[in-house]
Structure formats: structure tokens, C-alpha cells
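Hello,

Here is the structure I promised to pass on to you.

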Amino acid sequence: MGAAGELVLEARGLSKTFTQGRWWQKQFRRRALDNVSLALDRGKTLAVVGESGSGKTTLAMCLVGLERADAGAVLLEGVNVTSREGRSGASAGREIQLIFQDSSMALNPRMSAIEIVEEPLLIASRCTRSELRDRAQAMMKQVGVSPAWVHRRPHQFSGGQRQRLAIARALILRPKVLILDEVFVGLDLSIQGQIANLLLELQQSHTLSYICISHDLSLVHQIADTIVIMDQGRIVEEAPAELCTPSIKGPRQSALGAHSGA
Amino acid sequence: MKISRKAMLLAIALLGLHLIVLFAGFLAPYDTARQNRELPFAPPSHIHFVDAQGKVHFRPFVCMMVDRPDAFGEYLEDCHRSFPVYFLVRGAPYELFGFLKTDLHLFGVDAPAGIFLMGTDAYGRDVFSRFLYGGQLSLFTGLVATVLSLALGMLLGVLAGYYGGWCDAAVMRGAELFLALPWLYFLIAVRAFLPLSLGAKDAFLLLIALIGLVGWARPARLIRGVVLGSRERHYVLAARLFGGSDLYLMRRHILPDIYNILLTQAALLIPQYVLAEVTLSFLGLGVGEPTPSWGSMLSTLQQYSVLVSYWWMFLPGLVLVPVFCGYVLLASELQPGRRAAVA
Amino acid sequence: MRFLARRILHSIFLLLGISLLSFTFLQLAPGNFFDDMRLNPQISSDTLARLQKQYGLSRPFAGRYLSWVESGAKGDWGISFAYNVPVAPLIWSRARNTVLLSASAMLLSWMIALPIGILSAGTRYRWFDHAISATTSFLLVIPDLLLALGFLWLALRTHWFPAGGMESVKLSSADAGSFKDIALHLIAPLSVLVIGSLPVLFLHIRAAIIEAQQEPYIRSAQSHGISSMRILFRHALPSAAAPLTSLFGFSLASLLSASLLVEVVMNWPGLGPLLLEAILARDVYVVIGSVMFSALFLIGGMLVADFLLFAIDPRIRTQGLA
């Protein structure tokens with residue numbers, strides 16, 4: 001429980017350029033992030049909206065440490081965590097977690113549900129076997145997956161349930177920030193609503209801060225406090241959610257409004 | 001990973017074959033070096049159940065082989081005396097599995113007759129006994145060399161695929177080099193420039209090392225391909241976020257993807273390596289006399305007189321066909337395309 | 001064009017790599033040509049030392065490698081201890097025969113496997129496909145060694161064709177060494193090589209074409225009503241060209257190895273028997289020269305395949321223009 005306006009995650013001037021081609025060939029540069037800065041308060045939800053190719057996923061990767069930004073800094077509770085290597089999971093990385101878009105690809109098809117959820121604990125802490133099980137089961141209950149299904153494989157679950165498992169897994173290490181990368185894609189509308197509600201509940205109970213990435217403006221409008229719009233690697237618009245409705249006309253917004261139709 | 005019933009049956013059959021040659025000492029009536037100078041190139045013994053008087057015996061028996069008086073090098077059966085075939089006899093001592101000292105053999109006959117199920121060779125040595133011991137050598141060289149190749153291929157393939165960059169480039173260029181080599185040329189060149197006359201055990205180990213070290217390239221490339229794909233899976237990225245070390249990620253998430261490849265490659269490589277050993281021994285570059293190997297047993301066929309007249313000398317070669325058949329069928333059964341089931 | 005230049009450069013590096021590799025291995029090996037002489041008490045150790053010095057066997061690795069490359073520029077590629085002649089002409093006289101045998105085998109097996117493979121993949125009559133596949137699968141499991149011995153046996157029993165050698169002995173036959181004579185002697189080793197390589201070739205070709213046929217654009221062509229023959233030749237085949245050309249390279253490699261064995265068993269006077277002989281006598285430079293030549297042949301063949309690929313597959317040509 002922190003005071004309103006307490007900064008939990010901040011990005012300052014993040015830039016990343018991808019180059020294609022070997023050193024002796026003409027190289028093809030693609031600027032994925034161009035001086036992106038944002039700030040997330042504790043307990044709040046920041047939505048990042050944009051078309052595909054606007055740099056949303058790259059932003060997510062840089063924030064979480066899976067990609068290294070060429071320039072800029074990421075600060076978690078004031079601590080600079082940008083120098084994390086993408087490959088070895090430094091402990092700072094665990095405070096920010098990422099939920100991927102496609103849940104069927106984010107869960108190892110060979111592992112059972114309980115193994116998937118307890119994996120972070122297995123790696124990160126020194127619990128005993130039974131402690132692992134207990135905590136994992138408790139987490140699964142919290143996200144609404146029946147304990148009778150602990151031994152089922154991912155392909156035996158529906159898309160919505162898989163996302164719940166992914167959320168359980170991400171939350172079991174008690175992170176401070178959760179980045180949701182297009183987590184509603186591919187789900188039925190009603191399921192989308194259920195997941196959204198679950199996320200809001202968990203945000204309350206665990207004091208989480210969310211960065212919600214999506215191309216669907218109307219959906220994030222319901223759960224976000226602030227909305228940021230990205231285009232071609234840059235932030236082009238930023239405003240509190242109340243002010244963004246599909247009726248506001250700006251060139252990007254109306255285009256997005258058209259995308260997220262009904 | 002599901003294995004079809006057909007694959008299981010094939011695997012069991014092949015296992016059975018390997019067990020048979022493991023028990024070579026027990027199944028072979030004679031020692032491999034024992035010569036019968038008076039019986040060079042004798043044809044396989046006829047097993048009789050009916051004697052000269054037309055009486056039927058339950059216990060099979062053999063007759064003496066004597067030289068034909070009119071033709072040089074040919075034999076006649078002299079059935080005045082019948083030599084019954086006894087089972088579980090005491091014979092020449094040997095070491096079962098290399099350490100159990102015993103002298104019990106499955107079957108045998110009394111001297112001076114001999115029971116030569118596959119005839120004899122130039123020195124009168126029992127081909128059947130040498131066939132069994134030779135099988136030990138050839139089959140197990142193939143097996144162990146395959147394990148070596150796969151281990152090396154797996155190590156390099158995983159490293160190259162996982163770490164990428166210059167490690168990947170180095171391994172791939174190296175693999176290209178090894179794949180571009182005409183393997184037999186390289187193998188015999190390297191083999192023969194190591195001491196030619198080695199003790200049997202040293203030569204055996206050397207062969208295994210050589211054959212295994214030459215063939216790592218293809219499995220490595222395949223494994224690297226799979227690892228490249230597996231490495232980017234979202235569940236791997238997620239595990240990395242939880243703080244999973246490289247070793248953990250490899251062990252838990254990436255390696256299970258390559259077990260399938262390892263099995264199919266094993267089924268493909270083993271027959272090739274057995275053939276490599278047979279070829280090397282055939283050329284005189286394998287294990288030397290008097291240790292038998294299927295290859296060296298076949299090399300006498302290079303003399304045209306032997307080739308035409310003594311068909312039983314072909315047998316060590318003919319047995320390769322069903323062995324290869326078994327492995328090739330097993331490999332095609334294990335191909336991922338056939339089994340739709342996952343996990 | 002840049003693609004081709006890259007491939008050529010690549011091949012040169014490969015050759016250099018192989019030469020270094022071979023040289024290194026042979027350097028590491030104990031024993032040299034004069035080991036036999038060492039056992040002879042009549043030859044003094046001084047003589048041996050002098051001989052070794054003369055042949056440069058006691059020089060350090062780098063020096064030997066460089067002077068070997070240098071002699072290559074001169075056209076010698078080292079000297080054969082056993083024959084006492086420069087290596088290059090010795091190898092070339094034998095290599096000619098190996099190239100004759102291998103190239104004909106390569107040509108023949110591709111000429112047979114390609115049409116059968118295409119037919120088998122494209123035919124509507126499944127029984128044809130199954131029959132051919134079953135036969136080739138059976139041939140697949142017969143090792144070349146057995147085939148070679150079998151053909152020799154056949155030749156000796158039936159006298160349909162000569163059993164081994166390349167030419168008839170001049171005393172026994174009037175037209176020994178003529179084209180017809182060599183052709184006759186070619187029958188046995190050629191058959192062994194072709195029968196040995198045909199199954200693998202056929203299976204790969206058939207698989208490549210079947211896979212090309214699964215492409216979605218083939219399906220849409222079918223639904224347009226384009227005849228299956230036209231689809232096969234104008235659409236599926238060029239698409240399968242890429243894996244087929246890499247197959248060409250691999251088949252050449254295995255053919256070379258097979259030809260070594262066949263040459264030894266059937267007494268074909270090619271590089272194989274020479275290599276074996278040199279090995280047993282520890283004639284270092286002949287060994288290296290043979291390995292290098294076979295590598296050259298192999299890499300050259302792969303280069304030809306790359307050029308073919310470039311000509312056939314437009315995707316390779318336009319790759320640089322992304």
C-alpha cells in the first residue's frame with residue numbers, strides 16, 4: 001500500500017534499433033523504439049495501444065529485461081535495472097513479470113498444470129517439495145483453476161484457463177509489476193471479460209501494477225488508468241483513460257477506434 | 001514419446017541379436033584361434049538324425065570329414081563312426097562377458113570329429129565360432145561409436161543452437177568441413193597413420209573413437225536446428241524471467257525436444273558404423289589377426305578361388321542384410337512424421 | 001552473381017581447411033616411411049637421418065606445410081617415397097580412372113533415379129509407387145561390400161563380364177585397352193556403385209517432390225484445372241530444386257567413399273587402391289594428395305550443383321535484392 005502517485009516503474013528514453021544483414025552487406029535498420037519514456041504508479045494500470053509493428057512488444061521485452069535497449073534506462077522503484085543481461089535472470093527480473101500473448105505457446109506442453117505454476121518457485125526459492133505444491137495449488141485456486149485439474153496438460157485446457165495458469169505462474173513469485181502483452185487476443189468476448197475481472201481483483205489483492213499492451217482500445221479503456229499510444233516506435237499520445245473514448249478524433253485514435261470495432 | 005508396437009518389436013529383435021553375440025563364448029563350440037590344419041575350407045557339417053542303417057536317433061550326430069582321395073581340397077563324409085552332439089558340454093575355457101571364467105558350451109562333439117555349423121576357413125578354424133565373436137566386435141563397435149557421435153553431436157549442437165553467435169558459426173563451419181570430407185578416405189587415412197599393429201583391445205577402442213569422431217556433424221546440425229527453435233519458445237523465455245540458468249533451461253525445456261532426433265539418428269547411425277568397422281577390417285585396417293571380425297572374415301573372399309568355391313565364407317556378410325533391415329525399419333518407424341501423438 | 005562469388009570463395013576456404021586438417025592428422029601420427037628401414041640392422045642410423053633430412057621429414061610442421069603448398073604451385077604436390085616420383089602426376093594417372101568410374105556412376109544413377117523418382121511421386125497409380133519404393137528399400141539394406149563381392153562371384157561364375165581390373169592383359173587379348181575393352185570392364189564396378197546409390201537417391205528425390213507438391217500454391221493450381229503433368233514439371237520440380245541440389249552434393253560424397261571400396265575389391269586402378277597402398281607404406285604425401293584430390297572432386301561437384309541451383313531457382317538470384 002503506497003501513497004497515490006508513487007512511481008513503481010519508469011522508462012526513460014528507451015531506444016532500440018534492429019539491424020538485418022551481415023557486416024559486409026548493406027544493412028537494413030529498423031527502429032523499433034525511439035526515445036520512449038513512461039511512468040507507472042503503484043497499483044495503477046498503464047495501457048500501451050498501437051498497431052502491430054508500432055514497437056509495443058519490443059517495449060515489453062526491454063522493460064522486462066529480455067531485450068537490451070540501445071539507449072535509455074528502466075528504473076524499478078528507483079533502482080536502475082537496465083544493465084540486466086537478457087540471458088541470465090538477475091533477481092531484479094523477478095519483480096517484473098510478463099504474460100505472453102499466446103498461452104498455448106507460453107506453457108510447456110510436456111508439463112502438467114501444477115508443474116508449470118510451481119516452476120518459478122522451483123528455480124527461485126528453496127522450498128520443500130510439499131511447500132511448492134501447496135503454494136502452487138493455492139495460486140491456482142486464486143486464479144480460478146479447479147484443483148482437480150492440477151495434473152492436466154496445457155492442451156487439455158481452454159484458452160481462458162491457460163491464461164489463468166499463465167497468470168498464476170507469473171504471480172507466484174509476488175512480482176510488483178505485471179506486463180500483459182496482448183493477453184486478450186484469441187479469447188471469446190465473455191472470457192475476455194472474466195480475465196479482465198480476474199486481473200482487476202488480483203491487482204487489488206496483491207497491489208500489482210500493470211502495463212497492458214493491446215491494439216484494442218475499447219477493451220483496455222475499461223481497465224486502464226492511463227492510456228499511451230505508440231506509433232512506429234514513438235509515443236504519440238498520452239492521456240488518462242477517462243479522457244480517451246472512441247469518440248475523440250485524432251488521426252491515430254480514430255484509426256484504432258476503427259480497429260477495435262464492436 | 002510414444003513408440004509404436006512395430007518399433008518395439010524391431011528393437012526387441014535387434015536386442016536379441018546383440019544378446020546372442022554377447023553370449024558368443026557360450027554358444028560357440030570352439031575357441032576362435034583353434035586351428036584344424038587338416039581341414040581347411042571344410043563345408044558346414046551335416047547334422048544327421050538318421051544313421052547309415054536307417055535308424056532314427058533323437059540326438060543328432062555328425063560324421064568325420066576326410067579328404068577325398070581323388071580331388072584335392074574336397075571332403076567326404078565318413079559315417080562309419082557317428083559322433084553324437086552333446087549339449088552343455090565342457091570345452092575350451094573362456095570368459096563370459098569378459099570376466100566370468102567358465103568352460104561351459106552350449107553344444108559340442110567329441111574329438112576327433114568337429115561340428116562346424118558354418119564350415120571352416122583357410123586355417124581350419126570354425127567359422128561359426130569366429131562369426132559369433134566377430135559379431136561382438138562389429139556390432140558393439142557400431143553401438144559405442146554411435147553413442148560417442150551422438151554425445152559429441154548433442155554437445156556441439158546444443159551449444160551452437162543455444163548460444164548462437166560465433167559459437168554457432170564455428171560449429172557449423174566445422175560440421176560443413178566434416179560433412180564435405182569423403183568419410184572413408186579420411187577414416188582410412190587417419191586410421192592407418194596410427195600404429196598399424198595394435199593389441200586387440202587398443203585397436204577396438206581406437207576404431208570406436210575414430211568412427212565416432214568423424215560422424216558427429218549430421219546429428220549436430222539437426223540438433224542445432226531444433227535448439228534454435230526451442231530456445232525462442234515463450235515458456236523458455238518465461239523460465240528465464242524467473243531466473244532460470246542456461247543449464248536449467250537446457251535440461252528442462254530444450255533437451256526433451258531432441259530426444260526424438262537422438263533416437264532416430266541412433267537407428268540410422270548404428271548400421272552405418274557397423275559397416276564402417278566391417279569395411280575397415282576388410283581392408284586390413286581394423287582389428288588384426290587372430291581376433292575375428294566380420295570384415296576380416298570377408299577379406300579372404302578377395303581371392304577368387306575362395307570366392308567361387310566356398311560359399312559359407314559369405315555368411316558373415318550376408319548377416320549384415322537382416323541387421324541393417326532391422327535398423328532401417330526401426331529408424332523409419334521412429335520418424336516424427338509417423339507418430340502424431342505428442343508427450 | 002555475388003552468390004556465385006561467395007560460393008567459390010567458400011569452396012576455397014573449405015579446401016584449405018581440409019588440407020590443414022589432413023596435414024595435422026598425419027603429422028600427429030607416429031611412424032613414418034622409414035620405419036621398416038629402421039628395423040634393418042644393415043642400414044646405419046646415420047643413413048636414416050640423412051634420408052629423413054633429405055625428404056624433409058624432420059622439419060617443423062609449419063615449414064613442411066608451407067613447402068608442400070609451394071611445391072603445389074610448382075605442380076608437384078610433394079614426392080612419393082615409394083615410387084620416387086612427384087605426387088601430382090602419380091595421382092593424376094590414377095585419379096583419371098576414379099573420375100571415369102565415379103562420374104559415370106553419378107550420371108547413370110541420377111539419370112535413372114530422377115525420372116523414376118518424379119514418376120513415382122507424381123503418378124496416380126499407387127501400385128507403381130509402392131512397388132518401386134519397396135524394391136529400392138530392399139536394395140537399401142544391402143551393403144556395397146556385399147554387392148561388390150556378389151558381382152565378382154557372378155562374373156567368375158558366368159563370364160558375362162570381366163571380373164575386375166580395368167583392361168585385359170595385353171598378352172591375352174588383341175584389343176586390350178581399347179574403348180570397348182574398358183567399357184566391358186566398367187560394367188561390374190559401375191553396376192555396384194549405381195545399385196548402391198540408387199535407392200537413397202530415389203527416396204530423397206521422391207520425398208522432395210512430394211513435399212513440393214504439398215505447397216498451397218500447387219493445390220490452387222490444381223483447383224484451377226491445370227494439368228497435373230504441367231504442374232509437376234513447371235511448378236513442383238523447380239520448387240524441389242533446392243533440396244535436390246544439396247542432395248547432389250551429399251550423394252557425391254557417399255559415392256566417392258563407395259568407389260574407394262569398389263576400386264579396391266574389384267581391382268579398378270583408381271585412387272582407392274593407391275591410397276590404401278600408400279597408407280600401408282606410410283607414403284605421406286601420396287596420402288595427403290589423394291585426400292586432397294578427392295576433396296577437390298567433391299567440392300567441385302558441390303560447386304556445380306550450386307551453379308545449377310542458381311540457374312534453376314529464381315529465389316536464389318533475387319535474394320540480395322531484399
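Below is what turned up, going from chain contacts to helices, domains and a sheet.

First, some housekeeping. This is a predicted model, in which local features need pLDDT of at least 70 and side-chain atom pairs count only at pLDDT 80 or more, while totals for chains, interfaces and linings use all residues. Residues are numbered from 1 along each chain as its sequence is written, and chains are lettered from A and ligands numbered from 1 in the order in which they are written.

**Where the chains meet**

Let me start with chains A and B. Here 24 residues of chain A are in contact with 18 residues of chain B (contact means that the C-beta atoms, placed from the backbone, lie within 7 Å). On the chain A side, β6 (96–99), α2 (103–106) and α3 (113–124) each supply at least two residues. Of these, α3(A) gives the most, with four residues. (Helices are DSSP runs of H or I with at least four residues, strands are runs of E with at least two, and both are numbered from the N terminus.) Sorted by class, this side of chain A has 12 nonpolar, six polar and six charged residues. (Ala, Val, Leu, Ile, Met, Phe, Trp, Tyr, Cys and Pro count as nonpolar, Asp, Glu, Lys and Arg as charged, and the others, Gly among them, as polar.)

Chain B also meets chain C, in a contact that takes 40 residues from chain C and 32 residues from chain B. The elements giving two or more residues to the chain C side are α1 (2–28), α7 (144–158), α10, α11 (271–280) and α12 (284–312). That side of chain C has 33 nonpolar, six polar and one charged residues.

**Two helix pairs**

In chain C, the axes of α8 (residues 179–213) and α10 (residues 228–266) come within 9 Å and cross at roughly 160°. (Axes are lines fitted to C-alpha atoms, for helices over the stretch in contact, and angles run from 0 to 180 degrees between N-to-C directions.) That makes α8(C) roughly antiparallel to α10(C) (angles under 35 degrees count as roughly parallel, over 145 as roughly antiparallel, 65 to 115 as roughly perpendicular and the rest as oblique). The contact between these two helices has 18 nonpolar, eight polar and no charged residues.

In chain B, the axes of α1 (residues 5–22) and α3 (residues 127–163) come within 8 Å and cross at roughly 125°. The two helices, α1(B) and α3(B), are therefore oblique to each other. His18(B), Val21(B) and Leu22(B) in α1(B) meet Leu132(B), Gly135(B), Gln136(B) and Leu139(B) in α3(B). By class, the residues of this contact are four nonpolar, three polar and no charged.

**Domains of chain B**

Chain B is divided into domain 1 (25–128) and domain 2 (130–342), with bounds that come from an automatic or database domain assignment. Their C-alpha centres lie 37 Å apart, and 15 residues of domain 1 are in contact with 11 residues of domain 2. The domain 1 side of that contact has 10 nonpolar, two polar and three charged residues.

**A sheet in chain A**

Finally, chain A has an open sheet of four strands in the order β2-β1-β4-β5, with antiparallel pairing (two strands pair if DSSP finds at least two bridges between them). β2 (28–41) and β5 (79–80) stand at the edges with a single partner strand each, so one side of each is left without a neighbour in the sheet. Strands β1 (residues 7–20) and β4 (residues 71–76) of chain A pair over five bridges in the antiparallel sense. Arg12(A) stands opposite Ala73(A) in β4(A).

Happy reading!

Methods
Two residues are in contact if their C-beta atoms, placed from the backbone, lie within 7 Å.
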